[in-house]
Amino acid sequence: MRFYDRNELERARADYTAAIQLDSKNAEAFHNRGDLLLRMGLIEAAISDYTDALALNNQLASAYNGRGNALRETGQVDRAIETVDKPMQ
């Protein structure tokens, strides 16, 4: 997190990846790396991480939001809306 806050994005990415390697069931780590990847403009990779986070914890509302934002960035507005609305169903 400290690298993310200091805008050292590649170092933050390495840290999140290491956390995932240590605990592949850590939904927060996938979510956080998804946020980072989205910030880096790596949209498809971000969508993948958000999807993995939600597979591990379907109650992680911020991962739905992140996935929706990433989908919107790819022009998939309908899927984005569907994703963001899912936790409210």
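Contact here means heavy atoms within 4.5 Å. Helices (H or I, at least four residues) are DSSP runs, numbered from the N terminus. The structure is a predicted model, in which local features need pLDDT of at least 70 and side-chain atom pairs count only at pLDDT 80 or more, while totals for chains, interfaces and linings use all residues. Residues are numbered from 1 along each chain as its sequence is written, and side-chain values use heavy atoms, with hydrogens and water left out.

Begin with helix H2 (residues 9–22) and H3. In their contact, Leu9, Glu10, Ala12, Arg13, Tyr16, Thr17, Ala19 and Ile20 of H2 meet Ala29, Phe30, Asn32, Arg33, Leu36, Leu37, Arg39 and Met40 of H3. These residues divide into ten nonpolar, two polar and four charged; Ala, Val, Leu, Ile, Met, Phe, Trp, Tyr, Cys and Pro count as nonpolar, Asp, Glu, Lys and Arg as charged, and the others, Gly among them, as polar. H2 and H3 pack at an angle of about 155°, with their axes 9 Å apart. Axes are lines fitted to C-alpha atoms, for helices over the stretch in contact, and angles run from 0 to 180 degrees between N-to-C directions. The angle makes H2 roughly antiparallel to H3, a term for angles over 145 degrees.

The axes of H3 and H4 are 8 Å apart, and the two helices pack at an angle of about 160°. H3 is thus roughly antiparallel to H4. On the H3 side the contact includes Phe30, His31 and Leu37, and on the H4 side it includes Ile43, Tyr50 and Ala53. The residues of this contact divide into ten nonpolar, two polar and four charged.

Next come H4 and H5, which pack at an angle of about 155° with axes 9 Å apart. H4 and H5 are therefore roughly antiparallel to each other. Their contact is made by Ile43, Ile47, Tyr50, Thr51, Ala53 and Leu54 of H4 and by Ala63, Tyr64, Gly66, Arg67, Ala70, Leu71 and Glu73 of H5. Nine of these residues are nonpolar, two polar and two charged.

In soluble globular proteins, nonpolar side chains tend to be buried together. The largest nonpolar core here has 17 residues, of which Ile47, Tyr50, Ala53, Leu60, Ala63 and Ala70 touch the most other members. A nonpolar core is a set of buried Ala, Val, Leu, Ile, Met, Phe, Trp, Tyr and Cys residues joined through side-chain atoms within 4.5 Å. Helix H3 (27–40), helix H4 (43–56) and helix H5 (61–73) each supply at least two residues of this core, and H4 gives the most, with six. Apart from neighbours within four places in sequence, Ala63 is in contact with His31, Tyr50, Ala53 and Leu54.

The last stop is helix H6 (residues 77–85), where Thr83 is placed. Thr83 counts as buried, at 7% relative accessibility; buried means under 20% relative accessible area, exposed over 50%, and partly exposed in between (1.4 Å probe, protein chains only). Not counting residues up to four places away in sequence, Thr83 touches Tyr64, Arg67, Gly68 and Leu71. Val84 is also found in helix H6 and, at 31% relative accessibility, counts as partly exposed. Val84 and Asn65 are 19 residues apart in sequence and 5.4 Å apart in space, C-alpha to C-alpha. Leaving out residues up to four places away in sequence, Val84 touches Tyr64, Asn65 and Gly68.

Notes
Angles under 35 degrees count as roughly parallel, over 145 as roughly antiparallel, 65 to 115 as roughly perpendicular and the rest as oblique.
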